[in-house]
Each structure stands twice: as structure tokens, then as C-alpha cells.
Amino acid sequence: MSAVPRFEKAGKAERSSGRFRRMLDRLSSSQQDLECEELAEDSYASGCTRISECTDRQIVKVTGTLRTVTLRPRAGVPALEAELFDGTAPLDVVWLGRRSIVGIEPGRKLIASGRISMSHGRRVLFNPKYELRPLGKE
């Protein structure tokens, strides 16, 4: 008879199989799933709100990677649009009156803050305050 209670032994076995299960899941996951998980962990670690948790008219601070950057006029005014993705959901970031911004390019990580709005069922952040993440940390 051992001095360790039976439920503690079971917990330890579950933990080791849990680690094995996580390793197995990582090996069998696609590259895209792994990147999404990494982005979501980075968002949580930086203290930012996850995009999937953002609601209409909420003031937020989010972080992620720019997937696309396009120039699209809105009502005759130039607008630089980018899709920010944090591993949980996409967010459209729009700078009105801008044709380009140095450093805003696909693949770049940034932190953006402002008020979320909903447009055609998508989350949009107009003219946010933003901070480009250093290239060395990517």
C-alpha cells in the first residue's frame, strides 16, 4: 500500500497523458492551426482583448498580424484597409484619408486600440491608435 492517495496517482497519470495528448495534437495539427494558436497565446500574454470577445461599441486594445492591406476609397475619400488577425477572429482596421502608412504591410504585427463598430457583420476599427511591433520579435 502506498502513502500517496489513489486520486493523486490518477491525477498524475492524467497530467502525463495530457502532456502526451497535447504533443500528439500539435504533431497532427495543420500549420495554420498552430499559427492561430500561437497568435491567440500572444494576444493573451500581451494583455490585449481577443478579437472574438470584442462587441459593438466597445473600446478595446487588440494585437495580431496584418493579413491583407488594401487601398479602397470610401465615399470618394481614400482609405487604407487592413485585416488584423489574432488567431481567434479577423478585424478590419481602416485609416480614413490615408493612401499608405509606413510599416503597415502584410505579415506585420501591431497593437491597435479604439472603439469597435460592426459593419456588414464584421468588426471594424476606424482610425485606431496603433503601435507597430518590432520586427525582431516576429
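Visitor: Which elements each supply at least two residues of the lining of the second largest pocket?
Guide: This is a predicted model, where local features need pLDDT of at least 70, side-chain atom pairs count only at pLDDT 80 or more, and totals for chains, interfaces and linings use all residues. A pocket is an open set of 1 Å grid points over the protein atoms alone where a 1.4 Å probe fits, with protein on both sides within 12 Å along at least five of seven lines; lining residues have an atom within 4 Å of a point. Here the lining has 14 residues, with Arg 72, Arg 74, Glu 81, Asp 92 and Arg 122 nearest the centre. The elements you ask about are β1, β2 (79-85), β3 (90-96) and β5 (122-126).

Visitor: In what order do the elements of the protein chain run?
Guide: Residues are numbered from 1 along each chain as its sequence is written, and side-chain values use heavy atoms, with hydrogens and water left out. The chain has two helices and six strands, which are DSSP runs (H or I, at least four residues, for helices; E, at least two, for strands) numbered from the N terminus. Starting from that end, the order is α-α-β-β-β-β-β-β.

Visitor: Which element gives the largest share of the lining of the largest pocket?
Guide: This pocket has 11 lining residues, and Glu 35, Cys 36, Leu 39, Thr 65 and Phe 85 lie nearest its centre. Two or more residues come from each of α2 (31-45) and β1 (59-71). The largest share, five residues, belongs to α2.

Visitor: Is Cys 54 buried or exposed, and what is its relative accessible area?
Guide: Buried means under 20% relative accessible area, exposed over 50% and partly exposed in between (1.4 Å probe, protein chains only). Cys 48 is buried at 11%. Cys 54 is buried too, and its value is 4%.

Visitor: How much of the protein chain counts as buried?
Guide: The chain is 138 residues long. Among its buried residues are Cys 48 and Cys 54. The share of residues counted as buried is 33%.

Visitor: Which residues does Ile 104 touch?
Guide: Contact means heavy atoms within 4.5 Å. Of the chain's contacts with a separation of 6 or more, 51% join residues 24 or more positions apart. Leaving out residues up to four places away in sequence, Ile 104 touches Leu 66, Val 69, Leu 80, Trp 95, Leu 110, Tyr 130 and Leu 132.

Visitor: What distance separates the C-alpha atoms of Ser 119 and Asp 56?
Guide: Ser 119 sits in strand β4 and is partly exposed, with a relative accessible area of 24%. Along the chain, Ser 119 and Asp 56 are 63 residues apart. Their C-alpha atoms are separated by 9.6 Å.
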